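I opened this notebook page to record a look-up of charged side-chain pairs. The entries follow the order in which I checked them.

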Amino acid sequence: MKFDHVAVKSLDIARSIEWYVKNLSAEVLYQDETWGLVRAYDVKIAFVNPEQHAPHICFEIDDALKDEMMKTKKFKLHRDGSTSCYTSDPDGNCIEFLKW
């Protein structure tokens, strides 16, 4: 397992991405009206519409861990071809487990 990205709330994806590009020299990896992804200093930051996704921390997992997790979790297919499931830590923070 390895860290993949952190997702933060954005009320305006384009505005958020513009700010990160201007102020952190971020590279735009993906952008549409509902979701965006940038890389700043080797860290990926996703911008999520709070009506569609909760802010979260994401870890990329391998096939073996995904197979084990699928016994109790349902994985969802995303528009980029990846799959993931979500859980919460004891304090209610959202954690995503991602498999490419």
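Is Lys-99 buried or exposed? I worked from a predicted model, and in it Lys-99 is buried, its relative accessible area being 16%. The cut-off for buried is under 20%, so the value of 16% qualifies.

Entry 1, the partner of Lys-99. I found that Lys-99 makes a salt bridge with Asp-63, with 3.4 Å between the closest N and O atoms. Since Lys-99 belongs to strand β8 (residues 94-99) and Asp-63 to helix α2 (residues 63-69), this pair ties together parts 36 residues apart in sequence.

I noted five salt bridges in the structure. I followed up two others, listed below.

Arg-39 sits in strand β3 (residues 35-40) and Glu-27 in strand β2 (residues 27-31), so the pair ties together parts that are twelve residues apart in sequence. I recorded Arg-39 as partly exposed at 33% relative accessibility. Glu-27 is also partly exposed, with a relative accessible area of 43%.

Arg-79 is in the loop between β6 (76-77) and β7 (83-88), and Asp-32 is in the loop between β2 and β3, so the contact ties together parts that are 47 residues apart in sequence. Arg-79 is exposed, at 53% relative accessible area, whereas Asp-32 is partly exposed at 22%.

Technical notes. Residues are numbered from 1 along each chain as its sequence is written. This is a predicted model: local features need pLDDT of at least 70, side-chain atom pairs count only at pLDDT 80 or more; totals for chains, interfaces and linings use all residues. Side-chain values use heavy atoms; hydrogens and water are left out. A salt bridge is a side-chain nitrogen of Lys or Arg within 4 Å of a carboxyl oxygen of Asp or Glu. Helices (H or I, at least four residues) and strands (E, at least two) are DSSP runs, numbered from the N terminus. Buried means under 20% relative accessible area, exposed over 50%, partly exposed in between (1.4 Å probe, protein chains only).
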